[in-house]
Each structure stands twice: as structure tokens, then as C-alpha cells.
Amino acid sequence: MPLKLTPSANHAGRDLTASVPAEADGVFGLACGPGDRLEGELERIWPRAAVHLKVRSNDAHTLYAVAIARSLLAAHPEADASVVLPAIMLHDVGWSQVPEDEVLEAIAPGGGRPELVLLHEKEGARLAAVILADAGVPVERADRIVDIVDGHDSRRESLSVEDAIVKDADKVWRLSPHGLDTVMDWFGLDRGQALRLCASRVQGHLFTDAAKALARGLAAIESANLWPERTALELP
């Protein structure tokens, strides 16, 4: 169903908007806060990345993954956000260089095409280097970002805490509502099948405790959505 942005009713019967805080912990926009060195940088990177992210809903996937990475950074103050966030924003630009009708074959259950996964990583690293240079990212930091993009799927170990957060954010997305909606249509699975597939590909493959907790929470919510008691309720 479409994302609900406005209410369809007001059962309280009065205007309570004045009681809503202007800011809340864990709620953030695209840029980091005032004074952060990433102020404005993601906005410069995003339009350059977005033109390469129109394959198989990678644009929406990327924005959700950026948000997940932001949440994981809160648990890892030692991690460099100026590496993590551009890396997660650019991690999948390389899929634009793989024929669209072969993308799903690369990641399909029961086999896949590992050579295409490697191709999207190599091409992603190449495109990321160009985008980062165009966006004015210093070379030393850009090199660290490109190293993460190149191998973010195929590399089983993490190079650093920044790499671990990028890998985890990418995987945890699969258990989000958008992730499950997307996987269902990719492979013709019902929601329960998609949930079990995604959980098997996420749990046991994460590096950070924060990501493990988030993944279990998302899986628990989706499990409840499938209970017959929940499906019997007249709720959205």
C-alpha cells in the first residue's frame, strides 16, 4: 500500500500538533546536523548517484539503507560517518552496468550469478570514484569509500567498522517493509516466504550488535503481521 503521509481521521477531535516536538532522537533528514562535515555533501552526491540507481528499486533501497546506517552510527561513535554515509549511498550504483534482465539472476535464491555480483562491485567502485571527485570529496577519504563499495557484497569479512556498518545496513534493509515488498515481487513469493528467505540471508551474516538487534526487531514485527490473529483484524 502507498506510504501514508496524512491522516484519514482525527478520533481525538482536537488539534494536537502544537504538542509535537520539532526534533526527536533518531529522526533525521538527508544531511547530518549543523557543524558536521557532511553538511551538504550527501545532497551533492545523491543526484549523481540516483541516475545509476533506477534499476530494480535500488533508489528507494539506497535511501532506506542510508537511514539504517545513520541509526547504526549512533551505536558506533568511533566510526567515521563521512566514510559510511557516502559509501552506503553509492554501494549499488554498479548495478546500472549490469543488463537489467540479468540483475535478479545475480541474486536469486538457489544459485545466482556471482560473476555479476563482482561486476556490479567493480563498476560501482569505478562510478563511485567519479561521483566522489565531482562532489569534491577529498581523495584520501574517497579512496576509503571506494574500497568499501568494491567488495561490499562478495567480501565475507569487514575491512573496518565503517565497512561493517555499510554491509549491515545493506542487509538489514531486506527485513524492512520496503525490503519485503520488493523481494516478494522480485521472486514471486508471498510475504511469509519472503520473510523467511530474507531472515535466512540476514541473521548470522551481520557484524554489529546494533544491526543484529534491529534485524530481530524488524523480523518480529513482520512475524506478527502474519499471525492469523493479526490478519483477522480490520487494520491497515
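I looked up what helix 4 packs against: its buried residues meet helix 5 (114-134) and helix 8 (177-187). Contact here means heavy atoms within 4.5 Å. Helices are DSSP runs (H or I, at least four residues), numbered from the N terminus.

The model is predicted, so I note that local features need pLDDT of at least 70, side-chain atom pairs count only at pLDDT 80 or more, and totals for chains, interfaces and linings use all residues. Residues are numbered from 1 along each chain as its sequence is written, and side-chain values use heavy atoms, with hydrogens and water left out.

Next I checked which residues of helix 4 (residues 100-107) are buried: Val103, Leu104 and Ala106. Buried means under 20% relative accessible area (1.4 Å probe, protein chains only). Down the axis of helix 4, these residues fall within an arc of 150 degrees, so they line one face. The arc is taken from the directions from the helix axis to the C-beta atoms.

Then I turned to helix 5. Its buried residues include Leu116, His120, Glu121, Gly124 and Leu127. Helix 1 (41-50), helix 3 (81-90), helix 4 and helix 6 (139-149) are among what covers the buried residues of helix 5. Just after helix 5, I found Gly136 with a positive phi of about 80 degrees.

Last, I looked at helix 9 (residues 191-202) and helix 10 (residues 209-226). Their axes (lines fitted to C-alpha atoms over the stretch in contact) come within 10 Å and cross at roughly 165 degrees. The two helices are therefore roughly antiparallel, a term for angles over 145 degrees. On helix 9, Arg191, Gly192, Leu195 and Val202 make the contact.

Terms used
Buried means under 20% relative accessible area, exposed over 50%, partly exposed in between (1.4 Å probe, protein chains only). Axes are lines fitted to C-alpha atoms, for helices over the stretch in contact, and angles run from 0 to 180 degrees between N-to-C directions. Angles under 35 degrees count as roughly parallel, over 145 as roughly antiparallel, 65 to 115 as roughly perpendicular and the rest as oblique.
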